[in-house]
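User: I'd like to go through the charged side-chain pairs in this one. Can you take me through them step by step?

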Amino acid sequence: MIHESRKRRHLHIRHRAVGTPERPRLCVKRSNRHIAAQLIDDTADRVLTGVSSLTPEISARKLKPMEACSAVGKLLAEKAKGMGIGKVVFDRAGYRYHGRVKALAEAAREGGLDF
């Protein structure tokens, strides 16, 4: 039931959040243990880059969940800057904007992404 509700909310968000090559969609995927974020170009249906808490640079540091989310956001912002991307559309994928999702978003903003 909860999973279905999140899916419904995500579809509602996706009608408004569309990624383009100039302004890709930053999509967040959260589980109980890990978090992942991707930059997606919806016009070409391709993932430009992605970072996860399972990425070797982050998982090797043995961080707490909130710290790992901040690290994912910062690393994603660095990768985006390296690709020449400064603005993104934030897609929280039906998750509430608090806790780990908020930590990732704020770290990405601190890293230089504008959304």
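Predicted model: local features only at pLDDT ≥ 70, side-chain atom pairs only at ≥ 80, totals over all residues.

User: Which residue forms a salt bridge with Asp-91?

Analyst: Asp-91 sits in strand E4 (residues 89-91), and its partner is in strand E1, 66 residues apart. The closest N and O atoms are 2.7 Å apart, inside the 4 Å cut-off. The partner is Arg-25.

User: Is Arg-25 buried or exposed?

Analyst: Arg-25 has a relative accessible area of 6%. Buried means under 20%, so Arg-25 falls in that class. The call is buried.

User: How far apart are the closest N and O atoms of Arg-25 and Asp-42?

Analyst: Arg-25 lies in strand E1 (residues 25-30) and Asp-42 in the loop between E2 and E3, so the pair ties together parts that are 17 residues apart in sequence. Asp-42 counts as buried too, at 15% relative accessibility. Their salt bridge has a closest N to O distance of 2.9 Å.

User: What is the N to O distance in the salt bridge of Arg-14 and Asp-42?

Analyst: Arg-14 is in helix H1 (residues 2-14), 28 residues apart from Asp-42. Arg-14 is partly exposed, with a relative accessible area of 26%. The two side chains meet at 3.5 Å.

User: How many salt bridges does the count come to?

Analyst: Arg-14, Arg-25, Asp-42 and Asp-91 are linked in a network of salt bridges. With the 4 Å cut-off, the count comes to 3.

Definitions and conventions:
Residues numbered from 1 in each chain as written. Heavy atoms only, no water. Helix = DSSP H or I, 4+ residues; strand = E, 2+ residues; numbered from the N terminus. Buried < 20%, exposed > 50% of the residue type's maximum accessible area, 1.4 Å probe, protein only.
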